[in-house]
Amino acid sequence: MITGEIKNKIDQIWDTFFVAGVTNPITVLEQMTYIFFMKMLDDKQLQEEDNARGFEQEEVPNPTFLVGQMWKNPETGVEVPYEQMRWSVFRHTGPENMFNMVRQNVFEFIKHIGTGEESAYSRYMKNAIFLIPNARTLIKVVDGVDSLDMNNRDAMGDVYEYILGKMAASGTNGQFRTPRHIIRMIVELMEPTPKDYICDPAMGSAGFLVESVKYIKKKYEMSFYVSEDVLHMKTSMINGYDTDQTMLRIGAMNLMLHDVTAPELAWRDSLSEQNEDQSCYSLIMANPPFAGSLDKGNINKKILAYANTTKTELLFLAQFVRSLELGGRCASIVPDGVLFGTSKAHVAIRKEIVDNQQLKAVISMPSGVFKPYAGVSTAVLIFTKTNCGGTDKVWFYDMKADGFSLDDKRTAINDNDIPDIVKRYHDMAGETSRSRKEQSFLVPVEEIRQNDYDLSINKYKEIERVKVEYESVESLLDQLDHIEAEYVKGYGRLAKMLEQ
């Protein structure tokens, strides 16, 4: 959690953009991300220079800003000393000079920066536009950001998640953000490890990837700091794709601020022929886009082999099966229609997961979880890729509360099934004796097959009906007669009193 002081600073920066006329929340987040990156580059080199002096080294290996050399702006052809583009230098040159330097040169520099750890973010800068309108706005933003410790990645990760929360709370671009507590629930269910290769093929702001890193750091605190594991976490462990360059920039920054400096991120349509991923990830967690259709000519034919459809919610499930390695696990949020749809494609993908893979759990979530952006009912499907079946009993859970009201306001409440879900999922032995009248229960795979692979919880849940005895009509009429008589008697007494 961020402190009140830092929270106030971020709120002030956010308000500065709005006062300057930059009112689209995702644009504000983008512009803040650019400024963060400028400071991070200089802070990183300042730290490396301090380390070099401590070890009595003359030079920093592979510096971002080359000492005593000039950088040629590829857009204008103007040569600028690298030193002048450093945060610690330009912020002291006065408002107008700083504004011109940042807009004309520093921003172009981060768009064209070379390879290295920075490239995880900068490779998606091609279409970026600097939209801070004037020197007055820039200096307020720079002053606010300058007070943040970019080297404290845990704190900066919290800061960035707070900003993402502000973007979602503004009511715009909420489709890019799965609620943080739902992401955390799924990560706790899947228990990622330092050896995993984790992927989100519809990554957005990288919420699932970031939460996985946080989980691993916390759980493996004593054993994690082995060099190969650290290198793996910073590079090949984390994989994500998106078709939106803006979200790739935001997601890459989110990961950098959680100490993942060179993740495998790509601008890619996960459902197209350009996606060659097959049997390469040990864990997939995602909330892919749904309620949409694609041109079948653009869909990867290997995905269509699982489900011949144009519906994105089914195609993504097929791609998850395809891209998992044997033994790989998947947890995906899906709309309820995936669970009971009767089309050939709906049945085919459910049959694939039940018969050819190992379906473990179906967690039904209430329709208000994604409000105010969407009111659709959803569920979490959890399965393991085996290519030889293995589904025995499927665990169903009927989530009724997630800790927040299910209206558009989504205010915090005490009722919360998430701790119970995580606890019960990791103790399946304790679920065997539960009846279908309870909130969670197991269903044999044969029964699911007999029901045409229907995975909706209401198909199997037993509703306990209690017989209610109502009073007879005669008794009710007698009561009404008595009430009426009392009324007439009282009315008569009142009339007599008024006559006196």
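A: A residue is called buried when its relative accessible area is under 20%, exposed when over 50%, and partly exposed in between (1.4 Å probe, protein chains only). The model is predicted, so local features need pLDDT of at least 70 and side-chain atom pairs pLDDT 80 or more, while totals for chains, interfaces and linings use all residues. Residues are numbered from 1 along each chain as its sequence is written, and side-chain values use heavy atoms, leaving out hydrogens and water.

The part to look at is strand β9, residues 378-384, where a strand is a DSSP run of E with at least two residues, numbered from the N terminus. Because 7 of the 7 residues of β9 are buried, this strand is largely enclosed by the rest of the structure. In a regular strand, side chains alternate between the two faces of the sheet. Along β9, T378, V380, I382 and T384 point one way, whereas A379, L381 and F383 point the other way, and the residues on both sides are all buried.

β9 also has partners, and two strands pair if DSSP finds at least two bridges between them. Strand β7, residues 324-335, is joined to β9 by 7 bridges, and these two strands run antiparallel; in this pairing, C330 stands opposite F383 of β9. Strand β8, residues 358-365, is likewise joined to β9 by 7 bridges and runs antiparallel to it, with A361 standing opposite I382 of β9.

Key. Helix = DSSP H or I, 4+ residues; strand = E, 2+ residues; numbered from the N terminus.
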